[in-house]
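Subject: Structure for you to look at

Hi,

Here is the structure I promised to send over. Please open it alongside this note; my findings follow below.

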Amino acid sequence: MADARKPVTLHRLQDMHRSGEKIAMLTCYDASFATLLDEAGVDILLVGDSLGMVLQGEPTTTPVSLASMEYHTRCVARGNRSAWLIGDLPFGSYHASPEQAWHSSLKLMQAGAHMVKLEVSDWAVETVRFLTARGIPVCAHLGFTPQTVSSLGGYKVQGRGEAGELVKAQARAFVQAGAQMLLFEMIPAALAAEITAESAVPVIGIGAGKACSGQVLVLHDMLDVGAGRKPKFVKNFMAGSASIQQAVARYVAEVKAGQFPDDALHAFQ
């Protein structure tokens, strides 16, 4: 039960990374699921801008507003007791300047987030430095970044071949700028393993292989909710489960045991 475990802190997550204990993370958008996921032992709850697609029916995440993210972060914070809580900064809420990023981050932190996540590239190094210098913990999201899917030419794996060196250099730059966590989406498993091995901070993967410090999935995807084709890196944990609680517990157990993801099924080469 959630009241039987100590709150998950940033120091605890760093210790898990250093010791090799896997970190289980899921998206969450409301108080009821926050309580369920927390009690199931999920280490990190991510209030993702994926809510635009799974809750609001948008075709991409780009229409999501900061007001929506603030509202759902507050809802999740009310239901959560011990998990680490990350709020996603939506498209357009942090791109103009570090000062804009600060004001947007402040709204999510005041709503109950413990950390903010930004989809980043080289331009955002100074923004991350600005935020962390002012006490805002930051998770830097690299690799495939859904907010810029149009400029990336679609849902494509990032960091293959020579491009992998750029991804590694970006990872180092953001950690040096103060990022306390990295999240990699849809990069080759071998590349993610290299980055994780040298990283001083936890590395969370989604479609990045089992060698990462931890894993994240969109809650609705792993519960097989909603129509449409699911990404390669998703596993349906409702299959064979008697309840949502059991499905989430299975996800946590398989991540912790290193059984999910299976690189032969859920990773990219």
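What covers the buried residues of α11? The cover includes β1 (23-27), α2 (31-39), β8 (214-217) and α10 (219-222). Keep in mind throughout that this is a predicted model.

α11 runs over residues 244-256, which makes 13 residues. From first C-alpha to last it reaches 18 Å, close to the 18 Å expected at 1.5 Å a residue. Its buried residues are Ala247, Val248, Tyr251, Val252, Glu254 and Val255. Glycine 258 follows α11 and has a positive phi, near 75 degrees.

Next, α8. This helix spans residues 163-176 and has 14 residues. Its reach is 20 Å from the first C-alpha to the last, close to the 20 Å expected at 1.5 Å a residue. Buried here are Gly164, Val167, Lys168, Gln170, Ala171 and Phe174. Viewed down the axis of α8, these buried residues fall within an arc of 160 degrees, so they line one face of the helix. An α-helix has 3.6 residues a turn, so residues three or four places apart point the same way. The buried residues of α8 pack against α6 (125-133), β5 (138-143), β6 (181-185) and α9 (189-198). Just after α8, glycine 178 takes a positive phi of about 120 degrees.

By class, the lining of the largest pocket has 17 nonpolar, eight polar and nine charged residues.

The second largest pocket holds about 300 Å³ of space. It is lined by 20 residues, with Val120, Ser121, Gly143, Thr145 and Leu152 nearest its centre. Two or more lining residues come from each of β5, α7 (149-152) and α8. Which element gives the most to the lining of the second largest pocket? It is α8, with four residues. The lining of this pocket divides into nine nonpolar, 10 polar and one charged.

Best wishes

Definitions and conventions
Residues numbered from 1 in each chain as written. Predicted model: local features only at pLDDT ≥ 70, side-chain atom pairs only at ≥ 80, totals over all residues. Heavy atoms only, no water. Expected span 1.5 Å × (residues − 1). Buried < 20%, exposed > 50% of the residue type's maximum accessible area, 1.4 Å probe, protein only. Arc of directions from axis to C-beta. Contact = heavy atoms within 4.5 Å. Nonpolar A, V, L, I, M, F, W, Y, C, P; charged D, E, K, R; others polar. 1 Å grid on protein atoms, 1.4 Å probe; cavity = no way out; pocket = protein on both sides within 12 Å on 5 of 7 lines; lining within 4 Å. Points joined across faces, edges and corners; volume = space filled by probe spheres on them.
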